[in-house]
Amino acid sequence: MDKIGIGLLGYGTVGSGVGKLLKKNAEDIRLATGRRVELRRVLELPGFSSPELDPALVTHDVEDVFGDPDIQVVIELIGGTGAARDFQLRALRAGKHVVTANKQLLGQHGAELLETAEQNGVHLRFEASAVGAVPIIKVLRESLVAAEVSTIFGIVNGTTNYMLSAMSQTGAEYADVLADAQRLGYAEADPTDDVTGKDAAAKMAIMSSIAFHSRVTLGGVAHEGIERITAVDIAHGRRLGLVCKLLGVARLIDGAMNVRVYPAFLPAAHPLAGVSGAYNAVFLESEAFDKIMLYGPGAGSVPTASAVIGDVISVVNTAAGSFTKNCLCYKDLPFFPSADVVSRFYLRLHVVDRPGVLARVAAVFGEQDVSIRSMVQEGGGDAAELVFLLHPAREARFFAALERLSGLDEVQGEPSVVRVEE
Ligand SMILES: NC(=O)c1ccc[n+]([C@@H]2O[C@H](COP(=O)([O-])OP(=O)(O)OC[C@H]3O[C@@H](n4cnc5c(N)ncnc54)[C@H](OP(=O)(O)O)[C@@H]3O)[C@@H](O)[C@H]2O)c1
């Protein structure tokens with residue numbers, strides 16, 4: 001088999017990047033693999049047109065892809081969990097290898113797809129589904145397979161990182177920064193998946209399933225977004241030497257998994273604090289190697305396409321055997337409850353400035369065994385604010401204290417809460 005035929009489903013942002021790279025690097029790919037990797041069909045919706053794509057390759061009927069015996073690899077870049085799921089399952093059942101960047105599909109239906117790939121003796125590869133161009137899946141699956149990775153900790157969403165960086169640099173509010181990000185193309189018209197943390201959660205589900213060898217789906221990843229982060233909190237953080245980031249955090253605690261996405265303050269000297277704009281960075285931790293940090297663009301047409309092509313090359317190079325296991329979730333670990341995780345918190349309370357307020361707030365913390373590391377009072381009268389940095393405490397205890405504080409007569413409005421990582 002000296003020729004590998006590709007069927008490409010979807011010719012949007014990433015699909016067109018794949019088309020371009022396959023054409024531009026055809027000779028390099030042939031020299032690297034000993035095979036000619038050739039785009040044979042592109043599935044698109046009726047009405048589609050692209051000046052750079054040979055119209056003879058375009059079809060609106062997916063059977064033209066599945067029924068072509070010269071197509072060995074199907075690349076799904078439609079996105080979503082509807083047609084994309086159906087097409088991937090049909091491609092796998094038709095004996096085609098599948099490569100995709102579809103994080104939501106993998107995060108929700110990974111087990112079904114990987115099992116179907118296994119049953120049909122074909123590959124399902126998804127490097128571009130987590131952290132775009134950064135080769136983290138391959139590193140976890142292959143390079144670190146025996147290293148018992150215990151923590152994945154990082155910035156895995158470029159849109160929110162861009163927005164938090166912009167809020168920090170300009171002092172602007174969330175809504176203004178979101179509007180700018182949409183205008184500049186850093187945020188989509190519907191930014192929900194990004195700003196609520198759902199995009200990051202899907203990536204964390206995919207990465208932690210591989211790192212921990214135990215299935216994590218999107219539903220198993222509690223996610224908080226950045227919608228409630230205000231310019232005031234970011235400014236307070238800066239005064240305290242802290243930088244706000246949306247973090248994906250997956251930890252093995254006492255043999256159980258805790259996988260979450262939340263905004264957190266980091267010390268300004270932390271390596272992740274310096275990751276700004278649309279970039280992503282992830283720390284992997286293990287007793288075997290301490291820490292490894294991977295850094296790079298998490299999205300974009302050509303960067304993401306390069307990860308897709310990398311998967312095609314892996315498939316081509318290993319299709320005859322060797323490393324063909326698709327699913328590495330051979331364990332069934334329990335989940336560690338978030339309420340029992342020990343965390344540090346930043347808390348900003350809007351209070352009525354009257355004698356005894358501080359003592360009442362401190363008493364509530366005391367009742368829950370939450371101790372105060374530092375406290376700053378800003379303003380006075382009706383506009384008084386108390387900004388606390390707290391020592392590590394079980395999250396259940398902190399949130400119990402928060403509920404009690406919210407019920408005090410002197411506490412007004414919604415408290416601001418951000419975790420602090422060190
Ligand atoms: N963009 C990134 O930087 C990036 C990074 C990492 C991962 N990803 C993932 O890559 C995948 C593709 O993302 P993208 O940004 O390239 O999306 P996109 O620009 O919206 O491209 C999707 C393409 O598929 C077409 N399409 C939709 N439904 C179809 C169907 N039923 N049959 C045939 N074609 C169909 C769309 O046509 P219309 O335009 O006519 O609807 C569009 O051309 C997603 O899973 C995404 O999460 C993207």
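This is a predicted model: local features need pLDDT of at least 70, side-chain atom pairs count only at pLDDT 80 or more; totals for chains, interfaces and linings use all residues.
The volume is the space filled by probe spheres set on the points, which are joined across faces, edges and corners. Of the 19 residues that line the second largest pocket, the closest to its centre are Glu 224, Arg 228, Pro 415, Ser 416 and Val 417, lining residues being those with an atom within 4 Å of a point. Strand E13 (342-351), helix H14 (395-406) and strand E17 (411-420) each give two or more residues to this lining, and the largest share, six residues, comes from E17; helices (H or I, at least four residues) and strands (E, at least two) are DSSP runs, numbered from the N terminus. At least three residues are drawn from each of domain 2 (139-297) and domain 3 (339-420), with bounds that come from an automatic or database domain assignment.

Residues are numbered from 1 along each chain as its sequence is written. Local features need pLDDT of at least 70 and side-chain atom pairs count only at pLDDT 80 or more, whereas totals for chains, interfaces and linings use all residues, and side-chain values use heavy atoms, with hydrogens and water left out.

The largest pocket has a volume of about 1,200 Å³, and of the 39 residues that line it, the closest to its centre are Val 14, Lys 103, Glu 188, Asp 199 and Ala 299. The lining of the largest pocket draws at least three residues from each of domain 1 (3-129 + 301-318) and domain 2 (139-297).

Two individual residues were also examined. Thr 33, which lies in helix H2 (residues 26-33), is buried, with a relative accessible area of 12%, the term buried meaning under 20% relative accessible area (1.4 Å probe, protein chains only). The side chain of Thr 33 reaches the backbone oxygen of Ile 29 at 2.8 Å, and, not counting residues up to four places away in sequence, Thr 33 touches Ile 313, Val 316 and Asn 317, contact meaning heavy atoms within 4.5 Å.

Val 221, placed in the loop between H10 and strand E8 (222-223), is also buried, at a relative accessible area of 3%. Its contacts, leaving aside neighbours within four places in sequence, include Ala 201, Met 204 and Val 259.

Note on methods. On a 1 Å grid over the protein atoms alone, a cavity is a set of points where a 1.4 Å probe fits but cannot get out, and a pocket is an open set with protein on both sides within 12 Å along at least five of seven lines; lining residues have an atom within 4 Å of a point. Buried means under 20% relative accessible area, exposed over 50%, partly exposed in between (1.4 Å probe, protein chains only). A polar contact is a pair of N or O atoms within 3.5 Å; within protein, one must be able to donate a hydrogen and the other to accept it, and residues adjacent in sequence count only if both atoms are side-chain atoms.
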